[in-house]
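Subject: Structure handover

Hello,

Here is the structure I said I would pass on. Please look through it first; my notes follow below.

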Amino acid sequence: MTGASIRFPHLGIVIEHLDKSISIFGFNIAYYGIIIGIGMLCGIAMAVHEAKRTGQNPEMYYDFALCAIVSAIVGCRVYYVAFEWSYYSQHPLEILNLRQGGLAIYGGIIGGFICMVIFSRIRKASLLLMADTVAPALLIGQIIGRWGNFFNREAFGGYSDGLLAMQIRVDEAAYTTQDLMNKAVTIDGTQYIQVQPTFLYESLWNLGALIIILLYRKHKKFDGELFMMYLFGYGIGRFIIESFRTDQLLLPYIGLPVSQVFSACLAVFALIVMIYKRSRLKKSIHKS
């Protein structure tokens, strides 16, 4: 094999060889899974830290994490399969084959939230306070988790010659498009597609959202506000970034990207809730 695995030509970064997995005792473990696992652990640590900071029982969040991780993984897979049903209806056994990829973050958020609703009722905890506590944890998990796409050479956008343009070996890319192939470049005998690293865009966007939430958290006006900020910030970012992607899940018959539609709905919903809650608070202050 010749030629670097990944290149950032305008940044002068060349990664000569980057495997997608590591072999331990003859068993291949995907770096994607390792990165996701690290993201989950860091997210749990953040949620526990927030629980301590706000006077909650941190042990409760360890218990919640066990349930939420399973629910999130199931949600990720169900969401993806639902919008790729034309394929999975013909290959039902592939539904359980997670090693081939096919996890959608929005499905994980939905699955995790459903778990949180049930968990909060069973443990008689405040759902909205729990939501605020896990908001920074979700962002940390997503910031780190997106780098799993880097190792998999996936979740990238169309052709770009911008500062952050990334070149991926054609034979190592998870997928490609005719447009990318038409604009492919050959360097030292190796063919590369040149793409927008949308996984990097989303990771950086989420880092900005995390910083804003961490700076604001001591000033929040109502329980649930931090979670609404998360939904609004992530929704806006994902709506924009999704437009660059080349691997979009599409709504049947309509043909619109599922994640863009869902992102827009989440952002609008969160904005309406925040405006409504703040207006109610202002009215109550004036009355008093």
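This is a predicted model: local features need pLDDT of at least 70, side-chain atom pairs count only at pLDDT 80 or more; totals for chains, interfaces and linings use all residues.

Is Arg-238 buried or exposed? Arg-238 counts as buried, because its relative accessibility is 5% (buried means under 20% relative accessible area, exposed over 50%, partly exposed in between, with a 1.4 Å probe and protein chains only).

Residues are numbered from 1 along each chain as its sequence is written, and side-chain values use heavy atoms, with hydrogens and water left out.

Salt bridges

A search of the whole structure finds 15 salt bridges (a side-chain nitrogen of Lys or Arg within 4 Å of a carboxyl oxygen of Asp or Glu). Arg-238 forms one with Glu-202, where the closest N and O atoms are 3.8 Å apart. Arg-238 is in helix H9 and Glu-202 in helix H8, so this pair ties together parts that are 36 residues apart in sequence. (Helices, H or I with at least four residues, and strands, E with at least two, are DSSP runs numbered from the N terminus.) Glu-202 counts as buried, at 3% relative accessibility.

Arg-238 also meets Glu-242 in a salt bridge, at 2.9 Å from N to O. Both residues lie in H9, four residues apart, which is about one turn of the helix. Glu-242 is buried, with a relative accessible area of 2%. Arg-238, Glu-202 and Glu-242 are among the members of a network of salt bridges that also includes Arg-146, Arg-245 and Asp-247.

Another salt bridge joins Glu-225 and Arg-278, with the closest N and O atoms 3.0 Å apart. It links distant parts of the chain, Glu-225 in helix H9 and Arg-278 in helix H10, 53 residues apart. Glu-225 counts as buried at 2% relative accessibility, whereas Arg-278 is partly exposed at 32%.

A pocket

The second largest pocket has a volume of about 150 Å³. (On a 1 Å grid over the protein atoms alone, a pocket is an open set of points where a 1.4 Å probe fits, with protein on both sides within 12 Å along at least five of seven lines; lining residues have an atom within 4 Å of a point.) Helix H8 (198–216) and helix H9 (225–242) each supply at least two lining residues, and H8 gives the most, with five. Among the lining residues are Trp-205, Met-229, Tyr-230 and Met-274. By class, the lining has eight nonpolar, two polar and no charged residues.

Two backbone points

Arg-153 has a positive phi of about 55° although it is not a glycine, and Ala-155 likewise has a positive phi of about 55° without being a glycine. Arg-153 lies in the loop between helix H6 (147–152) and strand E5 (166–169), and Ala-155 is in the loop between H6 and E5. Arg-153 counts as buried at 2% relative accessibility; Ala-155 is buried too, with a relative accessible area of 4%.

An exposed residue

Phe-25 lies in the loop between E3 and strand E4 (27–30). Phe-25 counts as exposed, because its relative accessibility is 85%.

Regards

Definitions and conventions
Grid points are joined across faces, edges and corners, and a volume is the space filled by probe spheres set on the points. Ala, Val, Leu, Ile, Met, Phe, Trp, Tyr, Cys and Pro count as nonpolar, Asp, Glu, Lys and Arg as charged, and the others, Gly among them, as polar.
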